[in-house]
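Subject: Structure handover

Hi,

Here is the structure I promised to pass on. Please open it alongside this note.

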Amino acid sequence: MRIAIVGGGIAGLAAAYELELARCAGASVEYDLYDAGPRLGGVVSSALVDGTVIEHGPDSFLTEKPAAAELCRELGLESHLIASNDAERKTFILVRSRLVALPDGLMFLVPTKLLPMVFTPLFGWWTKLRMALELMRGPRPHSEDESVAELIRRHYGQQAVDRLADPLLSGIYGGEAAQLSARAVLPRLVEMEAKYGSLTRGMLAGVRARKIEAERIATESEDGEAPPPKPLFTTLRFGLQQMVDALVARLDARRLHVSASVLGVGRDGDGWLVDAAGLVERFDAVVVATPAWAAAEFLRPADAALSEELEQIPYSSSVTMNLVYDGTDLDPLPQGFGFLVPAVEGRSILACTFIHRKFSGRTAPGKSVLRAFLGGAHHAELLAETDETLEHLVRKELFEILRISAVPEMVEVRRWPRAMAQYAVGHRERQQRIQERVAALPGLRLAGNAYDGIGISDCIRLGRKAARELANLRSKVPQP
């Protein structure tokens, strides 16, 4: 069986790796991977500069989603996995040019502790009253999808949307709470509202259930103790590029084609024709692991209806900027992982991470790294600005927010146009329609961040799943 993989990001590489495992195990399967860019890995890219890790794209993956860590272990990178410094984890929100820490007991968007919410300056008294009265809400079944902003506004008011939901989701998706689907982005909260009415009561019920389960595990363990909680984030000591390099090293280099734009993918009897830079080859199956907007273009000859659905998935663009400083130049920096900036603040920076605090052992001794994010749904026009203009904007705002006047020793800027899929209202329904169209096209699978999760682990899971399905492979990866 011959399989084409279109797209050499982490999803496409994961699919190729799964097929390579099958080939080495004796399966009659071959693959060719095509990517339009000059390198493989997509947005997963990093470099080691004078002992400091510089992440150009994502800097980590969620620990609770196991696919990425499992792949790293398979690739022999287990000793390089490091956990986030959760003991120091604190996130600030910029409110009227002042950094305010997220209050204790705030579980993503849901308050679960009374006193921290009473005394936090993050919200006004009317919002705090709304949060207290929210405990009285009754169950509310959902018949239609709605935006995250509508869900949070109904429970906690507009200020909770502006100062909490919007900056948090902008930091994750680069999008707006008013556009993102509650069902696709926050399915647990939708389920809680249907069952409990109050999101706070639903979250507290979950906390109690986890506590009971931890006590049960401790009772059954030999030492009478429950395992320690998992860290929120996991990364690789020398950068996530390690995972890309290890994947590529396991693949057949003769089957990896970079700077090879796919112009068309069409049906040919019971197979597929792939036109890569004018060279047309026939395959038994195809894994499409490009952004949905790119897939829509070259899949149009195969299925116009599928192409139209893929075109409707919106994307946001972003800029990442790494600024390396002498550590003494940043004293005193607030204790925590960084800060988020609500859109209502009118800033260019969406978020800033204190990388040297988030992970240990990834910066050279005496150095500190700030990582700023710009663009997103609110400021896509910033991608067109020069590096010098962007650096001026960021340093100006860092001075106004953190009083940092020092000149960074190094500044590195990366632009990521149309890179992050936005799960807009109606996303689940659109995915159902896409799945129905794909099911009518034997030998086709889709993978990537546009479908069922935007993180690295999600892309790896979907890429490997697509390859297994096409080659009828047995799963070797536990599913989350």
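Below is what turned up, starting with the cavities and moving on to the aromatic rings. Please keep in mind that this is a predicted model.

Cavities

There are 2 cavities of 30 Å³ or more in the structure.

The largest cavity holds about 40 Å³ of space. Its lining is made up of V341, P342, A343, R347, I349, L350, H378 and H379. By class, that lining splits into 5 nonpolar, 2 polar and 1 charged residue.

The second largest cavity has a volume of about 30 Å³. Lining this one are I313, P314, Q422, A424, H427 and R430.

Aromatic pairs

A pair of rings is described by how far apart the centres lie and by the angle of the planes. The structure has 3 aromatic pairs. Two of them are set out here, Y34 with F283 and F339 with F354.

Take Y34 and F283. Their ring centres lie 6.3 Å apart, with 85° between the planes, and the pair is edge-to-face. Y34 belongs to strand 2 (residues 30-34) and F283 to strand 15 (residues 279-283), so this contact ties together parts that are 249 residues apart in sequence.

Now F339 and F354. The centres of these rings are 6.4 Å apart and the planes stand at 65°. Edge-to-face needs an angle over 60 degrees, so this pair counts as edge-to-face. F339 sits in strand 18 (residues 338-340), and F354 in strand 19 (residues 349-354). The two residues are 15 apart, and the pair links distant parts of the chain. Both F339 and F354 are buried.

Charges over rings

Two contacts of this kind are worth a look in the viewer. K128 places its charged end over the ring of W125, 4.4 Å from the ring centre. R362 lies over the face of F359, and the distance to the ring centre is 5.4 Å.

That covers the cavities, the ring pairs and the charges over rings. A note on methods will follow.

Best wishes

Methods
Residues are numbered from 1 along each chain as its sequence is written. This is a predicted model: local features need pLDDT of at least 70, side-chain atom pairs count only at pLDDT 80 or more; totals for chains, interfaces and linings use all residues. Side-chain values use heavy atoms; hydrogens and water are left out. On a 1 Å grid over the protein atoms alone, a cavity is a set of points where a 1.4 Å probe fits but cannot get out, and a pocket is an open set with protein on both sides within 12 Å along at least five of seven lines; lining residues have an atom within 4 Å of a point. Grid points are joined across faces, edges and corners, and a volume is the space filled by probe spheres set on the points. Ala, Val, Leu, Ile, Met, Phe, Trp, Tyr, Cys and Pro count as nonpolar, Asp, Glu, Lys and Arg as charged, and the others, Gly among them, as polar. Rings of Phe, Tyr and Trp (its six-membered ring) pair if their centres lie within 6.5 Å; planes under 30 degrees apart count as stacked, over 60 as edge-to-face and the rest as tilted. Helices (H or I, at least four residues) and strands (E, at least two) are DSSP runs, numbered from the N terminus. Buried means under 20% relative accessible area, exposed over 50%, partly exposed in between (1.4 Å probe, protein chains only). A charge sits over a ring if NZ of Lys or CZ of Arg is within 6 Å of the ring centre and within 35 degrees of the ring normal.
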